[in-house]
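Here is a short briefing on one protein chain. Keep the sequence and the 3D view side by side as you read.

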Amino acid sequence: MSLGGFQSGFHARTVPRSQVKWETYLICSHGCEEVIQLISHVSGEVEFELCRVEAERMGRVLLEAARSKRESSTRLS
Ligand SMILES: [Zn+2]
């Protein structure tokens, strides 16, 4: 299932755990059934994958980073 992308050159999709590309490198101790993969628009290859729980954590970290930058630039102006 494709989940849409962003302009930095990746799109995301969710696959069952059985379709993980690098099982050895998957950090997951939650027993997640689904894995989110980031696929490069350039190579068409899976460049990054992480389980649903880790993906949500990563999303929160990115949101916090994005928002904190916006706040600091607001303070500067
Ligand atoms: Zn997990």
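Among the contacts in the chain with a separation of 6 or more, 32% link residues 24 or more positions apart. The model is predicted.

**Overall layout**

- Along the sequence, the order is β-β-β-β-α.
- The chain has 77 residues, and 9% of them are buried.

**How the strands pair**

- Strand 2 covers residues 10–16. Strand 2 runs antiparallel to strand 3, and seven bridges join the two.
- Strand 3 covers residues 34–40, and strand 4 covers residues 46–51. These two also run antiparallel, with five bridges between them.
- Find valine 35 in the view. Valine 15 stands opposite valine 35 of strand 3. In strand 4, cysteine 51 is the bridge partner of valine 35.
- Now look at isoleucine 36. Its opposite residue in strand 4 is leucine 50.
- In a regular strand, side chains alternate between the two faces of the sheet.

**Leucine 38, in a strand**

- Leucine 38 sits in strand 3.
- Is leucine 38 buried or exposed? Leucine 38 counts as buried because it has 20 C-beta neighbours inside 10 Å, and the cut-off for buried is 20 or more.
- Which residues does leucine 38 touch, leaving out those up to four places away in sequence? They are Phe10, Ala12, Glu47, Phe48 and Glu49.
- Take phenylalanine 48 from that list. Leucine 38 and phenylalanine 48 are 10 residues apart in sequence. Their C-alpha atoms are 5.1 Å apart in space.

**Glycine 44, in a loop**

- Glycine 44 lies in the loop between strand 3 and strand 4.
- The hairpin formed by these strands has five residues between them. In this hairpin, glycine 44 takes a positive phi near 75°.
- Why does glycine 44 count as exposed? Glycine 44 has 8 other C-beta atoms within 10 Å, and a residue is exposed if the number is 12 or fewer.
- Glycine 44 and histidine 11 are 33 residues apart in sequence. In space, the distance from C-alpha to C-alpha is 9.6 Å.

**To take away**

- Strand 3 pairs with strand 2 through seven bridges and with strand 4 through five.
- Leucine 38 is buried, whereas glycine 44 is exposed.

Methods:
Residues are numbered from 1 along each chain as its sequence is written. This is a predicted model: local features need pLDDT of at least 70, side-chain atom pairs count only at pLDDT 80 or more; totals for chains, interfaces and linings use all residues. Helices (H or I, at least four residues) and strands (E, at least two) are DSSP runs, numbered from the N terminus. Two residues are in contact if their C-beta atoms, placed from the backbone, lie within 7 Å. Two strands pair if DSSP finds at least two bridges between them.
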